[in-house]
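Please keep the 3D view open as you read.

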Amino acid sequence: MKIIVSNIQRFCLQDGPGIRTIVFFKGCNLNCPWCSNPENINPNMESYRENNEINTYGYEISLEDLEKEILKDQLYYKSGGGVTFSGGECLLQFEKIEELLKRLKENRINICIETALSVPQKYVDIAVKYVDEFIIDIKILDEDNINKINGNVQLYLNNIQEVFKNNKKVIFRIPLVPNYILTDKNMKKIIEFIEQYKPSKVELFKIHRLGEKKYKTLGKIMPEFEEVNDYIINEIEEKIKSIDVDVEYIKI
Ligand code: SF4
């Protein structure tokens, strides 16, 4: 069985504990206008022209070869590290990679995922069996605005319950996006939500324009967003600290 990945990044010191190998899958069911990995939204391989050369986003890999790629770094996982599945939305691949997840667990390799968790529950049911740490985005919890990113608030909330019911370690990540995430109504809901679930940590990050070139190669224009100032970041940090949850502003 073949799956499509866009990149395998080695020796990473973020997105989970220790030294990690990050596997980026292609395909996402959301469509966030600020996405910094637009090449990972379409689940298929995509060709683009650059400097008169044809290149491709994504390549097919068998489960066996993906396992070999991950195990090449096994020595480094002794640092307490492991593999992080990202994307795109990595959970959409979890039926296809369940056998690999099983073998990684048998080898006692730590598994993290980075997810928006807005997926059918069948994928979350697989994840809770094997994943040690969930890094979950909090984006839009406001029903009136969730269609701006093709999400589903109720589906997300049900999946969150499932993850916490299984006592998983959870870090929430909030992209600081004006007009989408940082509306008064949405932020009020987000703070209440964090207070309800008390994750091990909340990470805040500003969106950036590093993906702009990739938008161009895909024939798309990256939307512009207002810069979020330190005052707003401090205010959010203080609100989260006041509900007794660890918070960190991370520079990406
Ligand atoms: S969920 Fe992540 S990968 Fe998917 S569109 Fe949004 S930012 Fe991009």
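A residue counts as buried here if 20 or more other C-beta atoms lie within 10 Å of its own. Keep that cut-off in mind for strand β6, residues 82-86, in this predicted model: 5 of its 5 residues are buried, and the strand is mostly covered. Across the chain, buried residues make up 32% of the 252 residues.

What does β6 pair with? Strand β2 (residues 20-25) runs parallel to β6, and 5 bridges join them. You can find the pairing at Arg20, whose bridge partner in β6 is Gly82. Strand β7 (residues 110-115) also pairs with β6 in the parallel sense, over 4 bridges. Gly82 turns up again here, standing opposite Asn110 in β7. To get from β6 to β7, the chain passes through helix α2 (residues 98-106), making a right-handed β-α-β crossover.

Now step back to the whole chain. The chain has 7 helices and 11 strands, and its C-alpha trace spans about 45 × 45 × 30 Å along the principal axes. A compact globule of 252 residues would have a radius of gyration near 18 Å, so the chain's 18 Å agrees with that expectation. Among contacts with a separation of 6 or more, 74% are between residues 24 or more positions apart.

Finally, look at the ligand. Its surroundings include Cys28, Leu30, Asn31, Cys32 and Cys35, and also Gly87, Gly88, Glu89 and Ala116. By residue class, the shell around the ligand divides into 6 nonpolar, 5 polar and 1 charged.

Technical notes
Residues are numbered from 1 along each chain as its sequence is written. This is a predicted model: local features need pLDDT of at least 70, side-chain atom pairs count only at pLDDT 80 or more; totals for chains, interfaces and linings use all residues. A residue is near a molecule or strand if its C-beta atom, placed from the backbone, lies within 6 Å of it. Ala, Val, Leu, Ile, Met, Phe, Trp, Tyr, Cys and Pro count as nonpolar, Asp, Glu, Lys and Arg as charged, and the others, Gly among them, as polar. Helices (H or I, at least four residues) and strands (E, at least two) are DSSP runs, numbered from the N terminus. The radius of gyration is taken over C-alpha atoms; the globule rule is 2.2 Å times the number of residues to the power 0.38. A residue is buried if 20 or more other C-beta atoms lie within 10 Å of its own, exposed if 12 or fewer, and partly exposed in between; C-beta atoms are placed from the backbone. Two residues are in contact if their C-beta atoms, placed from the backbone, lie within 7 Å. Two strands pair if DSSP finds at least two bridges between them. A crossover is right-handed if, with the strands pointing away from the viewer, the path from the first strand over the helix to the second runs clockwise.
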